[in-house]
Structure formats: C-alpha cells, structure tokens
Amino acid sequence: MKAIVYEEYGGPEVLRLKETEEPHPGPGQVRLKVVAAAVNPIDYKIRRGWMPQMGPGLPAVPGSEAAGIVDEVGEGVTDRSVGDEVLGWTDTGAYASYALATAVVPKPADLDWETAAALPVATETSARVLDLLGLKEGETLLLHGAAGAVGGVGVQLAVARGVTVIGTASPANHDYLRSLGAIPVAYGEGLADRVRAVAPKGVDAVYDAAGQGALPVSIELRGGTTDRIVTIADPAAADLGVTFSGGGGGRPLEDIAGYARLAAEGRLRVPIVRSFPLADAAEAHEQSEAGHSRGKLILRPDETPL
C-alpha cells in the first residue's frame with residue numbers, strides 16, 4: 001500500500017511516500033480503506049521529535065484521524081461490517097492507503113469525507129476542555145486561537161452551552177468568528193485591555209488552543225489565578241501552574257457520532273483549508289507548522305499514484 005513514512009526526526013523533508021506492507025486487523029479492530037486523513041499540529045510535533053512519549057517510534061507513519069470504508073473486520077467485532085463508512089481515530093498511521101482502527105463511528109451519508117476526517121480530534125478536544133473548565137450558561141470564556149480548526153469548534157460548542165465567547169484571532173478572521181457567535185479581539189500586545197473593553201466584568205474561564213504565549217495575560221485577566229485556565233498547546237503550562245490537557249479518542253463514541261450528525265445537518269462547521277494528495281504530505285506539514293489556518297488540512301490517499 002501507499003504510505004507516508006519518516007525514518008528520522010526532522011523537518012517536513014523527512015516525509016517520504018513509500019510502498020509498505022498492508023496491515024490486517026487484530027481482535028477488536030477494523031481495517032479502513034482511508035478516503036481522507038486529517039493533518040493535526042501534533043503530527044509535526046511528533047515528527048520533529050518534540051514529543052517522543054507520544055510517538056510510535058521509528059520508522060513511523062504519521063496521523064491519527066481519518067474517515068474511510070471498512071474493508072476487513074477483526075475477531076470479536078460485531079458492530080461494524082465490511083462496506084461501512086466510518087470516521088474516527090486510527091491505531092496505525094492515518095497517512096496511508098489502509099489503517100487499523102478501534103474507535104470509529106458511522107459517517108452520515110450526507111457528510112463529506114474531508115469534514116468527516118476533520119471531526120474527531122477537534123470535537124473531542126474542545127468538548128473535553130469545556131468540561132474541564134466547568135462552563136455554565138451565562139459565563140464568559142476567553143478562547144485563544146479561536147479561528148483555528150479546534151478553536152472554531154470550541155467556539156461553537158461553548159455558544160451552544162449558552163456561554164459568551166471572546167475569541168482571539170487576526171483581524172482577517174474576525175468576521176468568521178462573528179459568524180460562529182463569538183466576540184472577536186485581536187491577539188498581541190494590548191490584548192488584556194481589548195478583552196476588558198468587551199468584558200468589563202472579567203472572564204470566567206480561559207481555553208488556550210493556540211499555544212502562542214498567551215498564558216501570562218490569561219492569568220492576569222483571571223485576576224492572578226490559574227484556576228479555570230486550560231491549554232492544549234503551550235509547553236509553558238507546567239512552569240506557570242496552568243492545566244495542560246492532552247488526549248485523543250477518550251470521549252464516548254456516541255458523542256462523536258452526535259457531532260458528526262450535527263455537521264451533516266450544517267449545525268457544526270469545521271472548515272477545510274485545503275485537500276492534498278498523499279504525496280504532498282510534506283507541503284501539508286509546512287502549512288500546518290506555519291499556523292494561522294482557519295480550518296483543517298486533509299490528505300487524500302486515493303488521489304496519489306505511486
């Protein structure tokens with residue numbers, strides 16, 4: 001099968017399209033013919049060797065999030081059949097023609113493949129963080145990186161809970177944030193004053209989906225406390241006493257299935273920035289590392305001849 005493989009840690013140039021052996025499912029697993037695989041920031045961080053505790057070792061096939069068609073079923077699997085269209089987390093690298101998976105849910109027939117692949121990480125992450133923050137109706141949330149794929153989903157889920165969301169983003173993304181129901185503010189110098197101008201009573205919680213050094217000003221806006229501040233991206237969290245939340249695939253699968261139905265109905269948006277052939281994974285990683293993307297980057301194995 002075709003797969004993107006890296007045999008050493010480094011920049012995007014270490015990613016290579018190769019012919020590799022097809023995997024076959026073990027007990028409890030299914031095999032997916034991958035139609036679309038999503039690119040996430042964690043992918044390049046692992047590829048660079050920054051998070052060895054989360055990597056599969058070398059050589060490695062990146063990716064953990066995909067949508068595809070079940071084409072083999074392992075022993076003990078009774079809720080999935082060959083031919084099912086599904087989305088979820090992969091047990092083996094998603095940047096490949098085939099991947100093994102345990103945690104998958106049905107893909108609604110009217111949900112496109114790119115959005116299906118983009119849903120699991122963004123929805124699980126934001127729902128988990130909002131739960132950790134204990135947000136209640138009528139409260140105010142400051143969300144850093146609100147225009148990104150994960151942040152944008154976080155805005156929508158928080159607004160659905162009756163929370164007022166102040167979202168940081170570049171001015172070019174402010175209209176987009178308004179369309180999601182957030183109050184946009186520009187990030188950078190003077191952020192605290194801009195947040196106070198739109199939330200004179202203060203903010204009840206902070207969700208950092210950007211990891212761009214906004215934790216000190218977040219603590220300031222919380223009155224000097226680290227209580228009810230959660231980051232998913234800033235490595236300085238431990239030094240500042242802020243909660244860092246990592247995860248993946250830990251949310252009940254019925255929740256993810258529900259988010260997929262909302263997306264199919266147009267009630268949950270996960271914009272797709274660009275779809276690449278699998279062979280262009282290095283270019284996709286370059287764009288991911290550059291940041292500032294409004295939505296998700298997708299790889300399509302079927303569009304790549306070997």
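Biologist: How many aromatic pairs does the structure hold?

Modeller: The structure holds two aromatic pairs. Rings of Phe, Tyr and Trp (its six-membered ring) pair if their centres lie within 6.5 Å, with planes under 30 degrees apart counted as stacked, over 60 as edge-to-face and the rest as tilted. Tyr 6 and Tyr 9 have ring centres 6.4 Å apart and planes at 50°, so this pair is tilted. Bear in mind that this is a predicted model: local features need pLDDT of at least 70, side-chain atom pairs count only at pLDDT 80 or more, and totals for chains, interfaces and linings use all residues. Residues are numbered from 1 along each chain as its sequence is written, and side-chain values use heavy atoms, leaving out hydrogens and water.

Biologist: Which residues form the edge-to-face pair?

Modeller: Tyr 44 and Trp 50 do, at 6.3 Å centre to centre and 80° between the planes. Tyr 44 has 13% relative accessibility and therefore counts as buried; Trp 50 has 55% and counts as exposed.

Biologist: Where does the charged end of Arg 31 sit?

Modeller: A charge sits over a ring if NZ of Lys or CZ of Arg is within 6 Å of the ring centre and within 35 degrees of the ring normal. The charged end of Arg 31 sits over the ring of Tyr 98, 4.1 Å from its centre. Likewise, Lys 107 places its charged end over the ring of Trp 113, 4.6 Å from the centre.

Biologist: At what angle do helices H2 and H8 pack?

Modeller: Helices (H or I, at least four residues) are DSSP runs, numbered from the N terminus. Axes are lines fitted to C-alpha atoms, for helices over the stretch in contact, and angles run from 0 to 180 degrees between N-to-C directions. H2 (residues 113-133) and H8 (residues 253-264) pack at about 125°, their axes 10 Å apart.

Biologist: What is Glu 114 in contact with?

Modeller: Contact means heavy atoms within 4.5 Å. Leaving aside neighbours within four places in sequence, Glu 114 is in contact with Ala 36, Ile 272, Ser 275, Ile 298 and Arg 300. Glu 114 lies in helix H2.

Definitions and conventions
Buried means under 20% relative accessible area, exposed over 50%, partly exposed in between (1.4 Å probe, protein chains only). Helices (H or I, at least four residues) and strands (E, at least two) are DSSP runs, numbered from the N terminus.
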